[in-house]
Amino acid sequence: MKVAVAGCCHGALDKMYETLELLQRRHNVRPDLLLCCGDFQAVRNEADLRCMAVPAKYRHMQTFYRYYSGEKKAPVLTVFIGGNHEASNHLQELPYGGWVAPNIYYLGYAGVVRFRGVRIGGISGIFKSHDYRKGHFECPPYNQQTIRSAYHVRNIEVFKLKQLKRPIDIFMSHDWPRSIYHYGNKKQLLKMKSFFRQEVESNTLGSPAASELLQHLKPTYWFSAHLHVKFAAFMQHETDSKDELPKATKFLALDKCLPHRDFLQIIDVEHDPNAGDSLEYDAEWIAVLKATNSLVNVTQSSWNMPEENGLHAKWDYSVTEEAIKEVLEELNNDLKIPCNFTLTAACYDPSKPQKNMEPVHTINPQTTEFCAQFGLTDINDRIQQAKEEGSGRGECEEEEEEEMDSTGSAEEHSEYSTDNSGLSSFNPDEIMLDEEGGDEDLSTCSVDPSPDHPPEFSTSFSDIRIMPDSMAVSSDDAMDSNNEELEKSGGSKQVEEKSSTERSLKRIGGDENGNSGVKKIKRRNQAIYAAEDEDK
């Protein structure tokens, strides 16, 4: 089947779907599935904008609300993970995943689903060591700390994913796995993004948690976004035993959704022709959720996952075939995810803007139903109980803000020595979202563009690349000839009218080095960016 993969969407759903429809009209290529690697921005209304960690001048309504309200419907099944620029209050309603709109599914903090027999996993957010060992304690209304920590990856999600034994076909993360740049054309990457050099050379760029998952899961494909640059790599994994067949992962990072940026990729993935067209639960993942349910934590206290160190009676939470069979029996062998999307917040109305709308902590019926079906803890219900009990744990009230100022960003002991998983401190592309005023008033928002004033860009077919069936990426820069072949086969030739899936579309715009004319970061912005806005 054909799978379209998108980088940072930033709420531009109309742009993304129009590009896919243009692909079908011109070349008769229709993807069966669309995957988005974070910064999806499922913003429903003005309150959601306040829960998105970007300066006020970048809080724009964009077009997701049209799909949430039912005015439009996604023309292709869309599955996405969260990034670091999201309506965190909305996504927090669905910690185990769920529908944010008809035909648009969020994988949750971490999740695994199946589509046509293809196993798809993902983890939302970005890595920061000082929040990694905390529970999911945040809830709206957020303060300056929790609006950021809400999207930080937690160790429990990584631990759950590491319990999986069955093969994963596709995995998504927002930030890159650390060290992946050593398995692709590193010279070309640094030619396009010279400001990554220090972190690449010190091997501190990317997420160590994602790297750990990459080595454990060894998926066939791994897709990421976040750094706003296209990059391909090929990682050959070491085998655990002599009898194990060699495994390799094809890694691809996508650019952001902007005109003339290479933000979409089409790949062919082997699937089960006898499988249905519905999105399905993954039985092993459900069994893992049940097995690890006792580990759920909604406090901001740091804690470690069980490990074989003599301190824990149990450290292996992987599941047996019997446990998986029990899940199948519970579902009567029907793994289809119910289409139970419901509105949980008022939808933005361009004719009646409500700039003073306040975010509220909501318990989503989808999550309630899911937890009841499988006997799981409803994280938001647990947080709500903690608030009502006034225990001080999982507290979200404003009087806690001062305490959070002094402790919420404190560096905790971590098994990882650094947390430079996000962007380089001097990434001009990302600074377009986050420059100047990262700590502006959270109550300020903009609802432009309205339906009557759409964004000033039109669909360009240069935004799509069609990936060949195989990728050959050298593991070191010494083999630049192979990397040049990859560049030629992976995306530099223009698609001919016969629409072969082994051809790609020529990118237009940008200079000969692959730069896209992004403005240079000013020195004063560098200081602000480095000092005040570490998450961006």
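Modeller: Helices (H or I, at least four residues) and strands (E, at least two) are DSSP runs, numbered from the N terminus. This is a predicted model, where local features need pLDDT of at least 70, side-chain atom pairs count only at pLDDT 80 or more, and totals for chains, interfaces and linings use all residues. Residues are numbered from 1 along each chain as its sequence is written, and side-chain values use heavy atoms, with hydrogens and water left out.

Colleague: Which residue just after α1 takes a positive phi?

Modeller: The helix α1 covers residues 13-27. Just after α1, a positive phi of about 55° is taken by Asn28.

Colleague: How far apart are the end C-alpha atoms of helix α1?

Modeller: The expected span of a helix is 1.5 Å times one less than its number of residues. Helix α1 has 15 residues, so it should span 21 Å. The model agrees, with its end C-alpha atoms apart by 21 Å.

Colleague: Which residue forms a salt bridge with Asp14?

Modeller: A salt bridge is a side-chain nitrogen of Lys or Arg within 4 Å of a carboxyl oxygen of Asp or Glu. For Asp14, the closest N and O atoms of the pair are 2.6 Å apart, and the partner is Arg66. Asp14 is in helix α1 and the partner in helix α3 (residues 64-69), so the pair ties together parts that are 52 residues apart in sequence. The residue asked for is Arg66.

Colleague: Is Glu93 buried or exposed?

Modeller: Buried means under 20% relative accessible area, exposed over 50%, and partly exposed in between (1.4 Å probe, protein chains only). Glu93 meets Arg44 in a salt bridge (3.1 Å, N to O). Arg44 has a relative accessible area of 2% and is buried. Glu93 has 2% relative accessibility, so it counts as buried.

Colleague: Why is strand β6 largely enclosed by the rest of the structure?

Modeller: β6 runs over residues 110-115. It is largely enclosed because, of its six residues, the number buried is five.

Colleague: Which residue in β7 does Phe115 stand opposite?

Modeller: Two strands pair if DSSP finds at least two bridges between them. β6 and β7 (residues 118-123) pair in the antiparallel sense over six bridges, and they form a hairpin with two residues between them. Opposite Phe115 stands Val118.

Colleague: Which residue in β13 does Val113 stand opposite?

Modeller: β6 and β13 (residues 279-281) pair in the antiparallel sense over three bridges. The β13 residue opposite Val113 is Tyr281.
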